[in-house]
Amino acid sequence: MIEARHLRVLRAVAATGSFSAAARELGCTQPAVSQQMKALEASSGTPLIVRAGREMRLTQAGEALVRHAAGILAGLTAAEEEVAAIAGLRAGRVRLVSFPSGSSTLVPAALAALRAAHPGTRVSLVEAEPPRSVEMLREGDCDVALAFHYADPAGTESAEGTVEGAGGRLPEEWTDLTVRPLFADRLVGLVPEGHPLADAGTVRIEEFADDPWIAGCPRCRRQLVDVCENAGFTPRIDFATDDYPAVTGLVGAGLGVAVLPELALESVRPKGVRTVTVEPAVRRQIVALTLPDLAQVPAVAATLDHLARVARH
């Protein structure tokens with residue numbers, strides 16, 4: 001019978017490429033990893049790894065087992081946590097991954113409220129942008145992923161802050177996940193204080209056609225180019241950085257214009273910068289993602305609830 005501990009070892013070996021590296025990641029010895037791999041191959045009845053000198057690769061059976069391991073381990077975690085809660089254990093563990101502007105705004109208030117309501121629940125946080133954060137969720141490396149996707153400019157924002165119409169459709173790659181919509185985050189324009197449009201209030205994005213641009217993360221950059229091309233021009237991107245304070249600093253120094261999500265502006269103190277409303281409106285939908293099995297785990301469900309409450313305020 002295949003055991004969960006053996007699957008964890010197999011995933012570590014597949015991810016690191018060697019027994020020694022897997023041992024370091026798992027905090028055990030190399031012989032222990034080797035023994036557990038032998039036990040797993042015996043249980044499977046077929047080789048899972050082929051060794052050629054110092055190189056190691058998975059067999060077809062090994063690749064299939066690794067593919068199923070994340071779902072199996074997530075299901076086991078869900079079962080263990082739910083059984084523990086039913087048995088009266090007031091404890092839990094949630095591994096959260098978030099994009100940076102979410103980490104500095106939504107996450108602190110949500111985790112503080114969660115800790116106050118459930119002091120026995122432990123939460124860890126790491127940062128990653130989608131789609132990497134979604135990959136981490138599917139690979140079993142986190143329980144909740146705070147992520148975003150861009151809405152179609154033709155979509156309209158509802159009173160609850162969600163995006164309806166074309167922009168409300170979820171990405172096809174998320175159809176296997178449990179999705180908790182949080183709110184719609186509008187992008188705003190940033191210009192230097194001395195820019196001719198600094199006092200304009202509302203600006204059509206094509207009015208920036210001749211300006212140099214400072215672009216953000218790769219996904220945001222693609223969205224910027226698409227929106228500008230729909231408006232009839234291709235933006236001249238002179239600078240690209242994932243760091244929001246760097247974006248505002250470059251704009252403040254007069255080196256270009258930019259668009260940033262309103263959520264990102266909450267976490268920086270822009271100097272020498274003016275904000276303007278950009279039309280057509282561009283919004284990104286902020287969501288919390290988890291696997292369907294994990295959504296039933298009390299600690300995970302509580303984390304989703306607290307993120308939603310903070311987002312409403």
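Keep in mind that the model is predicted. Its largest nonpolar core has 59 residues, its largest pocket has a volume of about 580 Å³, and a search of the whole structure turns up 3 cavities of 30 Å³ or more.

**The nonpolar cores**

- Inside the largest nonpolar core, the residues with the most contacts are V144, L146, L182, F208, W213, I286 and L289.
- Take I286 as an example: setting aside its neighbours within four places in sequence, I286 is in contact with F99, L106, L146, A147, F148, P181, L182, F183 and D185.
- There's also a second, separate core of 17 residues, with V9, L10, V33 and A69 among them.

**Aromatic rings**

- You describe a pair of aromatic rings by the distance of the centres and the angle of the planes.
- The count here comes to 3 aromatic pairs.
- In one of them, the ring centres of F99 and F148 are 5.1 Å apart and the planes sit at 85°, and since an angle over 60 degrees counts as edge-to-face, that's the label this pair gets.
- F208 and W213 make another edge-to-face pair, with 5.9 Å from centre to centre and 90° between the planes.
- F208 counts as buried because its relative accessibility is 2%, and buried means under 20%; W213 is buried too, with a relative accessible area of 0%.

**A buried serine**

- S101 is found in helix α5 (residues 100-103), and its 1% relative accessibility is why S101 counts as buried.
- Leaving aside neighbours within four places in sequence, S101 is in contact with Y244, L263, A264 and R284.

**Cis peptide bonds**

- P130 and P131 are joined by a cis peptide bond, with omega about 10°; P131 is placed in the loop between β4 (121-127) and α7 (132-138).
- The bond from E279 to P280 is cis as well, with omega near 0°, and P280 belongs to the loop between β13 (273-279) and β14 (283-290).

**The largest pocket**

- Of the 23 residues lining the largest pocket, R11, L73, E139, G140 and D141 are the closest to its centre.
- Two or more lining residues come from each of α1 (4-16), α2 (19-26), α4 (60-86) and β3 (92-98), and α4 gives the largest share, 7 residues.
- The lining of the largest pocket has 10 nonpolar, 2 polar and 11 charged residues.

**The cavities**

- The largest cavity has a volume of about 120 Å³ and is lined by 14 residues, with A215, G216, C220, V259 and L260 nearest its centre.
- β12 gives the most to the lining of the largest cavity, 4 residues.
- What kinds of residues line the largest cavity? By class, there are 13 nonpolar, 1 polar and no charged residues.
- The second largest cavity has a volume of about 80 Å³, and its lining includes L187, C220, V259 and P280.
- Helix α8 gives the largest share of the second cavity's lining, 4 residues, and that lining divides into 9 nonpolar, 1 polar and no charged.

How values were computed. Residues are numbered from 1 along each chain as its sequence is written. This is a predicted model: local features need pLDDT of at least 70, side-chain atom pairs count only at pLDDT 80 or more; totals for chains, interfaces and linings use all residues. Side-chain values use heavy atoms; hydrogens and water are left out. On a 1 Å grid over the protein atoms alone, a cavity is a set of points where a 1.4 Å probe fits but cannot get out, and a pocket is an open set with protein on both sides within 12 Å along at least five of seven lines; lining residues have an atom within 4 Å of a point. Grid points are joined across faces, edges and corners, and a volume is the space filled by probe spheres set on the points. Ala, Val, Leu, Ile, Met, Phe, Trp, Tyr, Cys and Pro count as nonpolar, Asp, Glu, Lys and Arg as charged, and the others, Gly among them, as polar. A nonpolar core is a set of buried Ala, Val, Leu, Ile, Met, Phe, Trp, Tyr and Cys residues joined through side-chain atoms within 4.5 Å. Buried means under 20% relative accessible area, exposed over 50%, partly exposed in between (1.4 Å probe, protein chains only). Contact means heavy atoms within 4.5 Å. Rings of Phe, Tyr and Trp (its six-membered ring) pair if their centres lie within 6.5 Å; planes under 30 degrees apart count as stacked, over 60 as edge-to-face and the rest as tilted.
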